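Thanks for making the time.

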Amino acid sequence: AHHHSWEWSSPNPPYLSSFGDAFSTPPGSPLAHSTPTRGKEARQVVGAMQVLLSFDFESLSGGGGGGLAYSEMVAQCVASYLSSPHATVRIHAARVCLLLIVPSTGPLPRQSRLEKEVVRTLQALLQIGVSDPDPAVRGAVWAGLRPVHFPYIATREATELLLMGLNDQSFEVREKALVVSGSISTINPACILPHLRHLLLELLTALEAGRKSDRSDSARLLGSFIPSCPSLVAPFTLPILQALVPKLSDSNKRASADCFRAIGLLVRKGGSAFAQVEGDVMGELVVALEDRGSRRRRFEAAVALSRITRGVGSAVTPYSKYPCLFPALTGRIMVEPSFGVRRELIRAVGVLGAIAPHARELEGG
């Protein structure tokens, strides 16, 4: 295969030579084929990739030009394994490509040959992220995308692939694609935001009128949507709260827990709209903290209480407005079997006490 020459010359660091041998071996050796078909060959390639993934390449290159050599190795050696018949090989190849394809030397020159190679490889990875038959491979691609990649995939062509990821059959893949799309919307809002706005309205509709499984998935996706795309969510804060609050008492405990998480994330950065639903939410929080049938629901309720109190600050006077809250928290701490839930309960008591310590003293606490 013909490989392009690079515009920037950068000699391969000495510690890369052995890995180059592992991926590109002489004819007749066990790894002679770029896409191994036998289990032993696949295990050898996966082993080499696992070692690559364990390296701290930033410190090895000293922040210098070694990143260009990594990109060349990815383009010439590792990327060919993305078409392996073995899902494990494809997963590790995707992880290595995403780790090393963008050099650590900073932004690449516009329209340079190296930048075009990086864009081409990332486009190929996105194609795999939406078309691979194995959801684990698709998920590995979306999970491996990082902010350093976003400038190279914030294009109109890549947008189509991002939107396909939002409609993946696998819920886990959809969730990862949503986080990536929300982050890229700050770089290219014209291409992404209209589709994300439509998705947000669909999630709210499914939360209000969907089946039990749809309600749970919608609440969980909202929990990923809120932190990844805050500028889009902000104008819809009140409608989202009004859709979430009735589901806090949902018979589906998973959906209820996801709703508590979404409300906590939504109110954390400012709760001006929270005043309109405060009474309903605080009442459900007290009930959820006593729910012995769902450890996760108790955990998310405790986390949400801390976030709500930090988000709205002195606008909430929980001890005076909800006298049963403090006894519920302290009583639950004494009997809570889960360390994670107990830790969040203690944190919630600390946050609530820090808001108005004198008010609690006046009440005789």
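Start with D132 and R90. These two form a salt bridge, and their closest N and O atoms are 2.7 Å apart. This is a predicted model, so please take the distances as values computed from it. Where do the two residues lie? D132 is in the loop between helix 6, residues 113–131, and helix 7, residues 135–144, while R90 is in helix 5, residues 87–100. The pair therefore ties together parts that are 42 residues apart in sequence. Are D132 and R90 buried or exposed? D132 is buried, and R90 is buried as well.

Next, D168 and R138. Their side chains also meet in a salt bridge, at 2.8 Å from N to O. D168 sits in the loop between helix 9, residues 156–165, and helix 10, whereas R138 belongs to helix 7. So this pair links parts of the chain that are 30 residues apart in sequence. Both partners, D168 and R138, are buried.

If you are keeping track of helix 7, R138 lies in that helix, and D132 lies in the loop that leads from helix 6 to helix 7.

How buried are they? D291 has a relative accessible area of 10%, and since buried means under 20%, D291 counts as buried. R297 comes out at 5%, so R297 is buried too.

For the count, searching the whole structure turns up 13 salt bridges.

Now the helix contact. Helix 10 covers residues 171–184 and helix 11 covers residues 189–209. They pack at an angle of about 135°, and their axes are 9 Å apart. Why do I call them oblique? An angle over 145 degrees would count as roughly antiparallel and 65 to 115 as roughly perpendicular, so this pair is oblique. The crossing of helix 10 and helix 11 is left-handed.

Which residues make the contact? From helix 10 they are L178, S181, G182 and I184, and from helix 11 they are I192, L196 and L199. By type, the residues of this contact are five nonpolar and two polar, with no charged ones.

That is the end of my part. Questions, please.

Definitions and conventions
Residues numbered from 1 in each chain as written. Predicted model: local features only at pLDDT ≥ 70, side-chain atom pairs only at ≥ 80, totals over all residues. Heavy atoms only, no water. Axes fitted to C-alpha atoms, helices over the stretch in contact; angles between N-to-C directions. Helix = DSSP H or I, 4+ residues; strand = E, 2+ residues; numbered from the N terminus. Parallel < 35°, antiparallel > 145°, perpendicular 65-115°, else oblique. Left-handed = near helix turned anticlockwise from the far one by under 90°. Contact = heavy atoms within 4.5 Å. Nonpolar A, V, L, I, M, F, W, Y, C, P; charged D, E, K, R; others polar. Salt bridge = Lys/Arg side-chain N within 4 Å of Asp/Glu carboxyl O. Buried < 20%, exposed > 50% of the residue type's maximum accessible area, 1.4 Å probe, protein only.
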